[in-house]
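Work through the exercises below with the sequence and the model open. Each task is followed by a solution in steps.

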Amino acid sequence: MTVESPALQSEAPPLLEVRDLRKDFKVPGATSWFGKREIVHAVEEVSFQIEQGSSLALVGESGCGKSTIARMVLGLEEPTAGEVLFKGRSLRQMDGRERRSFRRSVAAVFQDPWGSLNPWMRVGRIVGEPIEINEDASRGEVRQRVGDLLEDVGLPATTTNRYPHELSGGQRQRVCIARALALNPELVVLDEPVSSLDVSIRAQVMNLLRDLQGRHGLSFLLIAHHLATVKFLCHEVAVVYLGRIVEHGTANEVIRSPGHPYMQALFTASLPLAPGAAPQGPILEGEVPSPIRPPSGCHFHTRCPYVMPRCKIEVPPFYGTTHTVRCFLAEEQAS
C-alpha cells in the first residue's frame, strides 16, 4: 500500500469559505431615467474563511451589507455571483441530502430574542422542535436532550414549562442559544446577539457564548458593531463598508491598530470620551451613500478626511499580509 507523504497530502478545507460574493437586489417599481430597473448593490467582492473552532466578526454601520452576507452564508439568499463553500463544498452544487446535512450543521441566533420565539409555545417545545423535525427520537429522548440543552446554557429544567413572556431578556436569549445548539451545529451565525440586552446581562451571555465555543468546538460568524463584543468573542475581524470588506485581520491587530480611515472613525466613535474632550481620530461625517448608486473608486472617498484624487477613480487593492487594508494610504505607509 502506498502512503502519501505529509507534504503531498491535501490540507482539509476551511469549515466556511466565502469567495468573491456579490448580491444585487432589484428595487420593486423603481426605474432609472432610462427606464431600467434600479438595483441595490448590497454586497461586492466579499471573501473570507472561518476555520473549525474559530470565529470572525463582520463590523460596520447599519445597511453596509453584514446581514445580507450572513443570510447568504445560511443559504437563505442566493448570491448574484461568487460562492459560499462549507467544508469545501459549494452550496450551489449540494444535492438534497447534502443540503439537509448543511442545515443541521449551521445555526443562527438573532438580535431580538422576543421576536425569535413563538409566544404561544412553551420553552420545552421551542427547544425540542428541531430535534422532533430532524431526528427519529422518542418523546423521552427529546425531553432529556432539552433538559441537557437548557442546563448547558445555564437555565433550570423547570424552564421547559414556561412561556417566553415569563422570562427575562437574557433568559429568552439563552433559550434561543439552546435551540440553535439542538442539532449539534458546527457553525453558528450570531446576528447582534447581545445588542438588545441590558448592559448588566450582556457580559453573562458573552461569557456563555465563549464557554460554549470552547466546550463544543463551535465556529462563530458574528455580526456586530460593538467593538468590545467583537474583541471578546472573535479571533478575526472583517470591516465592511457599503458592501465591500475594507480591512481584515486578527481582532487584536484591527482594534489595536486600525489601518483604514473608516475603521479608525468607528473606533473613535466607540471610545468613552470625557465631556468636552477632543476626539482621538477621524470623525464620520455625512450619510452613507446609496447602494443603488455607490461612489466610484473607493466607496468611502465621499466621507474620508484623507481623500486623494485617485481614490475617486481607482478601487484600491488590499495591502498587507495578515492584517490587510483596502486603502491607498496603506500603500504609502508600506513604501
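Helices (H or I, at least four residues) and strands (E, at least two) are DSSP runs, numbered from the N terminus. This is a predicted model in which local features need pLDDT of at least 70 and side-chain atom pairs count only at pLDDT 80 or more, while totals for chains, interfaces and linings use all residues. Residues are numbered from 1 along each chain as its sequence is written, and side-chain values use heavy atoms, with hydrogens and water left out.

**Exercise 1.** Decide how far helix 6 is enclosed, and find what covers it.

Solution. Buried means under 20% relative accessible area, exposed over 50%, and partly exposed in between (1.4 Å probe, protein chains only). Nine of the twelve residues of helix 6 are buried, so the helix is largely enclosed by the rest of the structure. Among them are Arg172, Gln173 and Arg174. The cover, judged by contact (heavy atoms within 4.5 Å), includes strand 6, helix 3 (113–116), helix 4, helix 5 (139–152) and helix 7 (199–216).

**Exercise 2.** Describe the packing of helix 4 against helix 6.

Solution. Axes are lines fitted to C-alpha atoms, for helices over the stretch in contact, and angles run from 0 to 180 degrees between N-to-C directions. Helix 4 (residues 123–134) and helix 6 pack at about 25°, with axes 8 Å apart. Angles under 35 degrees count as roughly parallel, over 145 as roughly antiparallel, 65 to 115 as roughly perpendicular and the rest as oblique. Helix 4 and helix 6 are therefore roughly parallel. From helix 4, Val123, Ile126, Val127 and Pro130 meet Val175, Ala178 and Arg179 of helix 6. These contact residues divide into six nonpolar (Ala, Val, Leu, Ile, Met, Phe, Trp, Tyr, Cys and Pro), one charged (Asp, Glu, Lys and Arg) and no polar (the others, Gly among them).
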